[in-house]
Amino acid sequence: MNEKQRMEFQQKIIFGIGDLAKMTGVSARQLRYWEEKGYIEASVSKDCKVRKYSLRTYFTVAAIKSYLDEGYTLSKSVEKAQLSRAQIIIWNKFTLGAKSVIEVNDIEQEYGRINFGELKVPGHEQPLCLYGIVDQNGSHIEISEER
């Protein structure tokens with residue numbers, strides 16, 4: 001699924017203001033305020049009475065709420081939520097664009113290895129492979145001659 005398809009899919013999943021408030025712990029009044037400030041957006045019905053929010057807006061609200069709970073101001077929380085979203089999009093573009101292969105080594109622990117492909121390194125006859133590893137030691141990068 002490319003970015004355009006993902007965005008179209010996310011726009012099809014919608015919630016009413018009451019549902020969004022229950023799911024995120026943010027009051028309907030606060031959601032309306034955030035909408036007025038331009039922090040989130042809703043699609044409004046033709047009679048201007050029913051607000052509907054997309055899955056993307058849900059994630060934005062959840063992120064803002066999380067940062068508020070950590071003690072950040074509203075404006076800083078919005079800024080951090082926007083930065084987080086941009087970072088996730090960049091990461092997704094990179095990993096999807098790289099046609100990387102993800103190997104699951106332990107499904108219960110969610111450990112595995114992402115093969116990012118070959119690196120051509122001066123002084124080495126054979127290309128090296130770049131891997132992203134998630135294991136009991138955390139997340140790290142490995143460069144290996146093995147494929």
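This is a predicted model: local features need pLDDT of at least 70, side-chain atom pairs count only at pLDDT 80 or more; totals for chains, interfaces and linings use all residues.
Is tyrosine 58 buried, exposed or partly exposed? At 22% relative accessibility, tyrosine 58 counts as partly exposed, because the buried class ends under 20%. Good morning, colleagues.

Let me begin with the aromatic residues. The model contains four aromatic pairs. In one of them, the ring centres of phenylalanine 15 and tyrosine 58 are 6.2 Å apart and the planes meet at 50°, so this pair is classed as tilted. Phenylalanine 15 belongs to strand β1 and tyrosine 58 to helix α4, so the contact ties together parts that are 43 residues apart in sequence. With a relative accessibility of 16%, phenylalanine 15 counts as buried. Phe15 and Tyr58 also share one aromatic cluster with Phe59.

A further pair is formed by tyrosine 67 and tyrosine 72. Their ring centres lie 6.0 Å apart and their planes stand at 80°; the pair is therefore edge-to-face. Of these two residues, tyrosine 67 is buried at 16% relative accessibility, whereas tyrosine 72, at 33%, is partly exposed.

The buried residues of the helix are Leu55, Thr57, Val61, Ile64 and Tyr67. Just after α4, glycine 71 adopts a positive phi of about 110°.

Strand β1, residues 14-16, pairs with strand β3, residues 51-54, in the antiparallel sense through three bridges. Within that pairing, isoleucine 14 has serine 54 of β3 as its bridge partner. Strand β3 is also joined to strand β2, residues 43-44, by two bridges, and these strands again run antiparallel. Here serine 43 stands opposite lysine 52 of β3.

Finally, I come to the four-stranded sheet. Which order do its strands follow? The order is β4-β5-β6-β7, in an open sheet with antiparallel pairing. The edge strands, each pairing on one side only, are β4, residues 101-106, and β7, residues 138-144. On average, neighbouring strands of this sheet are turned by 20° against each other, direction ignored. Strands β4 and β5, the latter comprising residues 111-119, are paired antiparallel over five bridges. In this pairing, valine 104 stands opposite glycine 112 of β5. In general, the side chains of a regular strand alternate between the two faces of the sheet.

Arginine 113 lies over the face of tyrosine 131, at 3.9 Å from the ring centre.

To return to the opening question, tyrosine 58 is partly exposed, and its tilted pairing with phenylalanine 15 ties helix α4 to strand β1. Thank you for your attention.

Methods: Residues are numbered from 1 along each chain as its sequence is written. Side-chain values use heavy atoms; hydrogens and water are left out. Two strands pair if DSSP finds at least two bridges between them. Buried means under 20% relative accessible area, exposed over 50%, partly exposed in between (1.4 Å probe, protein chains only). Axes are lines fitted to C-alpha atoms, for helices over the stretch in contact, and angles run from 0 to 180 degrees between N-to-C directions. Rings of Phe, Tyr and Trp (its six-membered ring) pair if their centres lie within 6.5 Å; planes under 30 degrees apart count as stacked, over 60 as edge-to-face and the rest as tilted. A charge sits over a ring if NZ of Lys or CZ of Arg is within 6 Å of the ring centre and within 35 degrees of the ring normal.
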